[in-house]
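Let's take a look at how two protein chains meet in this structure. Keep the picture open while you read.

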Amino acid sequence: MRIVVCVKHVPDLQSERSLDDAGHLVRGEDDVLNELDENAVEAAVTLAEETGGEVVALTAGPEDAVDALRRALQMGADAAVHVTDERVAGSDVVGTARVLAAAVRKIGEDAPVDLVVTGMASMDGLTAMLPSALAASLELPQLTLASEVTVAGRELTVTRTIGDADEVQAAELPLVLSVTDQANEPRYPSFPAIRAAKGKPVTTWDLDDLTLATAGAEADGGPEVGASGAGTAVVTAAPRPPRAAGRIITDSGDAGTELAEFLLANAPG
Amino acid sequence: MAEQLSGTVLVVADHAGSALSGPSTEVLTLARSLTAGPVAAVALTGEPDTAALGRFGAGTVYVPDLDGLSPTVAAVAAEAVLAAVAQARPEAVLLVSSFAGKEIAARLAVALGSGAIVDATGVSVADGTLVVAKTVLQGTWDTTCVVTRGVPVVAVKPTAVTAAELPDAGPAEPVAVPVEFSQAARAVRVVSRTEHPGGGRAPLSEAKVVVVGGRGVAGDFSLVEELADLLGGAVGATRVATDEGWIDHAAQIGQTGVTISPRLYVGVGVSGAIHHTAGMQSAETVVVVNNDADAPIFEMADLGVVGDATEVLPQAIAELRRRRG
């Protein structure tokens, strides 16, 4: 099975994150592989191990996003592709999906891609939209938000929990798969794996290497990616004032009574 | 009077069984405030709740022919909605910002060549454009956003709007919509579907009160459940509590679980890891009971009780019972 796993380099969750004047996330200061993409890489590598396949890690992002690819290579991906181009900066989720879809199609020119794997969401935007936008751009079936994945021949079966139901869905390859953090326990790279990753190939492409095409963008006639091509824009962005400090009491035998009074005063309806 | 659009606003109406869902009644109420023109709905079920749709402002409900396919498949739902969009020619499409709604929104934006904004907490109209409020970076930043081209697609967080009925409204008129489904939509097979028993409590994402148990409850959710029932709320949990098997995974609140924005959040034995607070930071009032005074969640608390939950909660429960007679 030939698998492409999409990863993203995002600011560390524990760092002080901020937006710039254009409402874009400030990057490059304390960035790491998106935590939820570790589950995607683990799923891809496991499926490749089970089926005797190979894994290509893919990212679209600035120069230092290569660190996210390095981490994926350390976790067992065989090769990596880095799409980096200033014209991609400021893309919204649809633009990002277009770029990744074009890169997947180009990767598929060597040999067909059977499966595209992503994490369920990135920890910066948390919109969980990219996997669906990518599947729509590639015109492939999507099995998203999988908490369990099994493969039998050319058929992939997933369990997904959405709302108040568990659902089992299945489809034939090729398709787009996204996994939740329930799907697996990401491996921690060993020293030999970290050493081996240094010798694995990382290919760099810019937009001129890719063929971008979507019906929607063509109809509109506008640019397809980047801030000027984005279908959404941030108008205002401001840090939220921190919550006012509340009242903290230490139980000395009657805190429950005080709690009950507060709940009665603040419970709706 | 606030500025309004003049064209149709189309709302993707979710149903729970045969009834219009609570969050959909909120989105319909919001849609009414955004346009002087018609509000229409598109239902992903053959038998929509036309009476409720009418009461919340939909004059028309588009009913796509699903051809036996499951609307829980994202591509099936999105293509059905697109067929309704082609017929209704709306000025905007609104959805509920659930995981399912976000998936449909993403696919609509790709297909329409427009843009989608999800997790909206408020929508208004300025200079003829929808202006969408949303909180990002785990509740640390407030933004307003717009869709810059094509038909805007906006998914609205449950509980962001208070639903209100129209007096004396008749039922919505159903209009059948034919759909040409793609190969990619037809390719996904639903093997099985199991609804979780709700236990008679409000669904987590819609609940106005949520009582959450974390590591500190040490496997015993009985007090959490008792307090939730007394307050008419839902029961939630942290990742640790669900991983330990103390409660079903569907109860998990956080970035990979359910996002909640209740009026009242009560965290019991919850430490406040960012993975959890990502899912509850928009709660209006936060109450915390934890015996670890250094737990980060105390920084978010309007009332924090440092104490043993097995002593504090029974006393609070007894007091609530007494006060309510």
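## Charged and polar links

Six salt bridges are counted between chain A and chain B. One of them pairs B:E103 with A:R160, and the closest N and O atoms there sit 3.1 Å apart. Keep in mind that this is a predicted model. Polar contacts turn up too: 34 residue pairs across the interface of chain A and chain B, with both residues at pLDDT 80 or more.

Which part of chain A gives the largest share of the side that touches chain B? That's helix α8 (residues 255-266) of chain A, with ten residues. Sorted by class, this side of chain A has 40 nonpolar, 23 polar and 18 charged residues.

## How much is covered up

The size of an interface is often given as the accessible area lost when the parts come together. Here chain A and chain B bury about 7,200 Å² between them, with 57% of it on carbon and sulfur atoms. In terms of residues, 81 from chain A are in contact with 88 from chain B.

## Strands that cross over

Now find strand β12 (residues 232-239) of chain A. It runs antiparallel to strand β10 (residues 141-147) of chain B, and seven bridges join the two. Within this pairing, A:P239 stands opposite B:W141 in β10(B).

## A closer look at A:P141

A:P141 sits in the loop between α4 (130-138) and β7 (142-152) of chain A. Is A:P141 buried or exposed? It counts as buried, because its relative accessibility is 7%, and the cut-off for buried is under 20%.

Leaving aside neighbours within four places in sequence, A:P141 is in contact with residues from both chains, including A:P174, A:L175, B:A184 and B:V188.

Key
Residues are numbered from 1 along each chain as its sequence is written. Chains are lettered from A and ligands numbered from 1 in the order in which they are written. This is a predicted model: local features need pLDDT of at least 70, side-chain atom pairs count only at pLDDT 80 or more; totals for chains, interfaces and linings use all residues. Side-chain values use heavy atoms; hydrogens and water are left out. Contact means heavy atoms within 4.5 Å. Buried area is the accessible area (1.4 Å probe) that two parts lose on being put together, summed over both. A salt bridge is a side-chain nitrogen of Lys or Arg within 4 Å of a carboxyl oxygen of Asp or Glu. A polar contact is a pair of N or O atoms within 3.5 Å; within protein, one must be able to donate a hydrogen and the other to accept it, and residues adjacent in sequence count only if both atoms are side-chain atoms. Helices (H or I, at least four residues) and strands (E, at least two) are DSSP runs, numbered from the N terminus. Ala, Val, Leu, Ile, Met, Phe, Trp, Tyr, Cys and Pro count as nonpolar, Asp, Glu, Lys and Arg as charged, and the others, Gly among them, as polar. Two strands pair if DSSP finds at least two bridges between them. Buried means under 20% relative accessible area, exposed over 50%, partly exposed in between (1.4 Å probe, protein chains only).
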